[in-house]
Amino acid sequence: MSWDKIGIEDKLLSWHEIMEAEEYVYTVGVAGEEFFNGLKHKKIIGGKCPKCGRIYVPARLYCEECFVKNDFVEVTTKPYIDTYTVVYKDDEGNKLEKPQVIALIRFEATHGGLLAYVEGEVNIGKEVEILEYKIPLIVRVK
Amino acid sequence: MKTNLYFRRVAVIGAGLTLFRRRMLETPQELAWEAVRKALDEAGLELKDIDCVVIGSAPDAFDGVHMKGEYLAHGSGGVRKMVSRVFVGGATGVMVPNTAWYHVASGLCEKVLAVAEEKMSPARPHPQSVFRYIWDPITEKPLNPNLIWIFAMEMHRYMYVNKITKEDIALVSVKNKKNALNNPYAQAAANITVDDVLKSEVLVWPVQLLDTSPVSDGAAAMVIVSEDVARRYTDTPVWIEGVGWTLDNTEWTGRELAYPRYLEHAARMAYKMAGIERPNKEIDVIEPYDPFDYKELHHIEGLMIARRGEAPKLLKEGVFDIDGDIPSSPSGGLLGVGNPIAAAGLMKTISIYWQLKGTAGRMQVKKPVHTGLAQAWGDLMQASTVIVMRN
Ligand SMILES: [Zn+2]
């Protein structure tokens, strides 16, 4: 039998304390800079391996297979929905006014993907148009 | 401990470091990649040749990413390979090559990447704030301690028991920061005097600003292989001859703080394996863990290279200088090179590897060296890791 089954929190001898760092400031990194600067100009920037030709989206500094430094390239292949989900509650368990559709967007002939809010009639495999170049992307089903 | 094990010989054939700096522009994964790329290049291997990857990173909280081993895996070359992550606080950096050693020594792997990364810059208001996690939540946390507090108490106890002055201790900072002037990766190299240390800002008495190592980001990597592979790839392998690690009681308030008992046990384990009976006569060059200046002295005693309380005297006589009998922290140590926690310990191991290979450049010690030792220390002042190497 455990305390959470039989105990009542206020009746237990307990100590309240918070032990966390207050905040983090993350660096987007070398490849991240290229990628975010690309978004500002409505471009998707990927990292292309000079050895195997694989293109990573978002941009990656190195190829994880060949372990060499990637070149940065604009990705112009067709974006499409790889999979999607429909969210009914927020992260605190409150019911959303309107269910939110979130999709994994991939670009043809590349490796990786980006999350997006989707407008329009969502379906796996459908091509999308990028409405807003930000994190997350906002896309509309074509 | 009596060991009756059969194990294979293990060698180091390549290593790489990033710059150690505050607020590096690279992500943790990018830092790891850079160090690994250099290590593979020095070894003459490609990622496809590697069997497994050992990743060391101290608490997740530094980089601000949960499950940092998994997070670092693709930058460390671990994708679809056997990956282990080890973390014993500050002692992690030497636990990484120790762990890589037993992957190879056991016969499980032939070629291992040992990678350590730490990015101290992201946490706010200060990296110290991530140490809020480590205290006893009931008896200690209400005082809002930080690590410098307990190091100050340890330092004070060490000074009191052994009648050591602040001047004696400041000489470590002077030596290491000066050695770091020869290290191209160093962040805090400087020509300073004992007076500069004594006049620097008091953080938590008796710890002053120049008694401490800086906040750093950085990564380090090594290629660790079996004897057969080493013979094929290099004429100058450096052998890992002894490893040791121990954890003392987390109840630090119950220990005699003047002496690092945790380290003596780890050192005895490594010495026994390496067949070392008189460490002060048989070891040519050392990299003891020095996040604070007194810790280098404390650790030289725990390594039994000096008797209890005698490290400051030997230091003053020049024994630990770069041209002394037993050069200590010729890399510049954490005080001079910087302190991205796990990467700092691996940097020390790499420094010894380069010394024994004879490729330490301007850091190379004056005398010929045959046996070297690196050591790291951490957790709540109770974890210690030791590695002994020979050429
Ligand atoms: Zn590739």
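Reply: Let's start with one contact: the side chains of Glu65(A) and Arg80(B) meet in a salt bridge, 2.3 Å from N to O. A salt bridge here is a side-chain nitrogen of Lys or Arg within 4 Å of a carboxyl oxygen of Asp or Glu.

Me: Before we go on, what kind of model is this, and how is it numbered?

Reply: This is a predicted model, where local features need pLDDT of at least 70 and side-chain atom pairs count only at pLDDT 80 or more, while totals for chains, interfaces and linings use all residues. Residues are numbered from 1 along each chain as its sequence is written, chains are lettered from A and ligands numbered from 1 in the order in which they are written, and side-chain values use heavy atoms, with hydrogens and water left out.

Me: Which parts of chain A supply the side that touches chain B?

Reply: β1 (23-24) and α2 (29-40) of chain A each supply at least two residues. The largest share, four residues, comes from α2(A). Helices (H or I, at least four residues) and strands (E, at least two) are DSSP runs, numbered from the N terminus.

Me: What's the buried area between chain A and chain B?

Reply: About 2600 Å², with carbon and sulfur atoms giving 58% of it. Buried area is the accessible area (1.4 Å probe) that two parts lose on being put together, summed over both. In contact terms (heavy atoms within 4.5 Å), 27 residues of chain A touch 37 residues of chain B.

Me: Which strand of chain B does β1(A) pair with?

Reply: With strand β5 (residues 123-124) of chain B, in the antiparallel sense over two bridges. Strands count as paired if DSSP finds at least two bridges between them. Glu23(A) has Arg124(B) as its bridge partner in β5(B).

Me: New topic: β2 in chain B. Is that strand covered or open, and which way do its residues point?

Reply: Strand β2 (residues 52-56) of chain B is mostly covered, as five of its five residues are buried. Buried means under 20% relative accessible area, exposed over 50%, and partly exposed in between (1.4 Å probe, protein chains only). Cys52(B), Val54(B) and Gly56(B) point one way, Val53(B) and Ile55(B) the other way.

Me: What are the neighbours of β2(B)?

Reply: Strand β3 (residues 82-86) of chain B pairs with β2(B) in the parallel sense over five bridges, and strand β4 (residues 111-119) of chain B is also joined to β2(B) by five bridges and runs parallel. Val54(B) has Ser84(B) as its bridge partner in β3(B) and stands opposite Ala114(B) in β4(B).

Me: Why is α10 in chain B called largely enclosed?

Reply: Because 10 of the 10 residues of helix α10 (residues 293-302) of chain B are buried. Among them are Tyr294(B), Leu297(B) and Ile300(B). Met304(B) follows α10(B) and has a positive phi, near 65 degrees.

Me: How many salt bridges are there over all chains?

Reply: By this rule, 33. One of the pairs is Asp290(B) with Lys348(B), at 3.4 Å from N to O. Asp290(B) lies in the loop between β10 (285-287) and α10 of chain B and Lys348(B) in helix α13 (residues 341-357) of chain B, so the pair ties together parts 58 residues apart in sequence.

Me: Are those two buried or exposed?

Reply: Asp290(B) is buried at 0% relative accessible area, and Lys348(B) is buried at 0% too.

Me: Which residues are linked in a network of salt bridges?

Reply: Arg9(B), Glu227(B), Arg231(B), Glu241(B) and Arg390(B).
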